[in-house]
Amino acid sequence: MKKYNLVIVGGGSTFTPGFLKSFCHMKEQFPLGKLVLFDIDAERQSVIGEFGKILFKELYPEAVFHYTTDIAEAYQDMDFVFMQMRVGGYKMRELDEKIPLQHGIIGQETCGPGGFAYGLRSTKEMIKAIYDIRQYSPNAWILNYSNPAAIVAEALRREFPNDKKILNICDQPENVVRSCSRLLGCHFKELDPVYFGLNHYGWFTHIYNKKTGEDLLPKLRALIAERGFLPQDAEQRDKSWLETYGMVKQLMEDFPDYLPNTYNQYYLYPDYKAKHLDPNFTRANEVMASREKRVFEECKVIINAGTTKGYINIHEDAHAEFMIEVAMSIAYNKNDRFIIIVENYGAINNLPDDGMVEVVAELGSNGPKPMRVGNIPTFYKGLLENQLASEKLAIDAYYEGSYQKALESLTINRTVNDAKKARIILDALIEANKDYWPELK
Ligand code: NAD
Ligand code: G6P
Ligand code: MN
């Protein structure tokens, strides 16, 4: 059985320990020759990397494992590249969230002005990293899930139009499917969803029972109305995620056609959400106090003990398992179905060809084969065209260094929708991002 070489870009991420555990558990299905962690932050990476060395020595001695800050060492001879960088770290995420909130506008990592700010930071570093990767591994599959995935996908589409081995993907649709399985009392692999949208802005039109073909959406609608909606792993989630999933009930009361992605709450209830988010303690603060703290503390305990035995409770989450399944579907030409971000070209018939949309696709060694959903109704089309324009204008602003395009991107965004507010927030974001953004004139 072929062994694959894989590098994780952003090796010091809070999600890396979960990946390392999942690679160990999935080694029979997806054997690795070499696993490398790459990060620009040596300190952050060494904690995760030293934990990884101990874990791999105990559970996966047959694979070569190492971590590095050297590009050549990281990218040589790779089959797969998993990209999970957070440009500017949690310090900048906090500003992305807090600056808009100071002006009564949604402050969120991927939606609205926060997503715009993070998008411009990610674009620059993602493009640079992909040129570096291609220098050493021209044929590796690049799986990107660095956020904001919608804006990054649009940037990569423009920068690398002929590179068909870059795939942008997000796990949230899959998380929603898993939540449905919890509610239905079945395994998530028994469900066969139909989905359309943009990243973090989509809907399930059907959730079929894979075996019988029955559409379970009516049953789910009734169950959600009666019991609400919870993440599959609710017991391990922070308070804000439980509130987020809780909003699905309200979304389905107001718009009962489809089952929404949880991120719809920011676009459809921007005033309500902005009023209910705490401007002094946003999700960035919550993550720093929970996931980040827990992951780094646990790694340090294991490093001090020199063994994972008796210590390991970093959960190997659904996220890692999902991304590894994506890689396996490509590696083994399985043509399994995933909800992924692709250039539209008719998948959603009444949206533009060059929009990066999120739909179901069969995924094999020759890339994704997206499934068509036909025409979408006017309401959804209007929402998505609006957001697509905002995302495209963000990338126009990046390439043209255009303040005007940036202003238009924020103004047209449903979470802002007001040119005066857009200008004030943009000016504050420019100041906060001066070490990261191209100059906007
Ligand atoms: P984190 O800050 O803990 O980890 C990110 C790491 O990236 C840091 O160690 C940082 O030093 C590193 N980094 C920053 N710039 C880099 C660069 N240019 N090259 C290499 N490494 C770089 O963040 P996190 O919360 O663990 O999330 C990691 C990323 O994964 C984020 O972009 C997040 O949004 C994304 N994510 C996406 C999904 C999805 O479904 N799309 C799911 C989970 C996480
Ligand atoms: C979901 C989203 C991702 C996001 C992740 C973590 O999986 O799809 O895009 O990065 O949640 O979000 P958090 O707020 O916990 O860092
Ligand atoms: Mn996502």
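Biologist: How many helices and strands are there in the protein?

Modeller: The protein has 17 helices and 12 strands. Keep in mind that this is a predicted model.

Biologist: What share of the residues is buried?

Modeller: A residue counts as buried when its relative accessible area is under 20%. Buried residues make up 59% of the 441 in this protein. The exposed surface comes to about 17,700 Å², with carbon and sulfur atoms supplying 50% of it.

Biologist: And how do I read the contacts along the sequence?

Modeller: Take the contacts between residues at least 6 apart in sequence; 72% of them join residues at least 24 apart.

Biologist: Where are the charges?

Modeller: There are 52 positive and 60 negative side chains, and the centres of these two sets lie 1 Å apart.

Biologist: Which positions does UniProt give for the feature "binding site"?

Modeller: The unreviewed UniProt entry places that feature at R93, N147 and R283. Such annotations may be inferred rather than shown by experiment.

Biologist: Is R93 buried or exposed?

Modeller: R93 has a relative accessible area of 5%, so it is buried. It sits in helix α4, which covers residues 89-102. Apart from neighbours within four places in sequence, R93 is in contact with R86, E109, R121, R283, A284 and V287. R283, one of those contacts, is also one of the positions in the UniProt feature.

Biologist: Where is N147 found?

Modeller: N147 is in the loop between β5 (141-144) and α6 (149-159). Its relative accessibility is 16%, so N147 counts as buried. Leaving out residues up to four places away in sequence, N147 touches E109, T110, Y118, S122, V152, N199 and H200. E109 is in the contact list of R93 and in that of N147.

Biologist: How many residues of α6 are buried?

Modeller: First the general idea. An α-helix has 3.6 residues a turn, so residues three or four places apart point the same way. In this case α6 is mostly covered, with 9 of its 11 residues buried. The buried run includes A149, V152, E154 and R157.

Biologist: What covers the buried residues of α6?

Modeller: The cover includes helices α5 (112-136) and α15 (378-400), together with strands β5, β6 (166-168), β10 (336-343) and β11 (356-364).

Conventions:
Residues numbered from 1 in each chain as written. Chains lettered and ligands numbered in written order. Predicted model: local features only at pLDDT ≥ 70, side-chain atom pairs only at ≥ 80, totals over all residues. Heavy atoms only, no water. Helix = DSSP H or I, 4+ residues; strand = E, 2+ residues; numbered from the N terminus. Buried < 20%, exposed > 50% of the residue type's maximum accessible area, 1.4 Å probe, protein only. Contact = heavy atoms within 4.5 Å. Areas by Shrake-Rupley, 256 points an atom, 1.4 Å probe, with all protein chains shown as cover. Lys, Arg positive; Asp, Glu negative; His and termini not counted. Charge placed at Lys NZ, Arg CZ, Asp CG, Glu CD.
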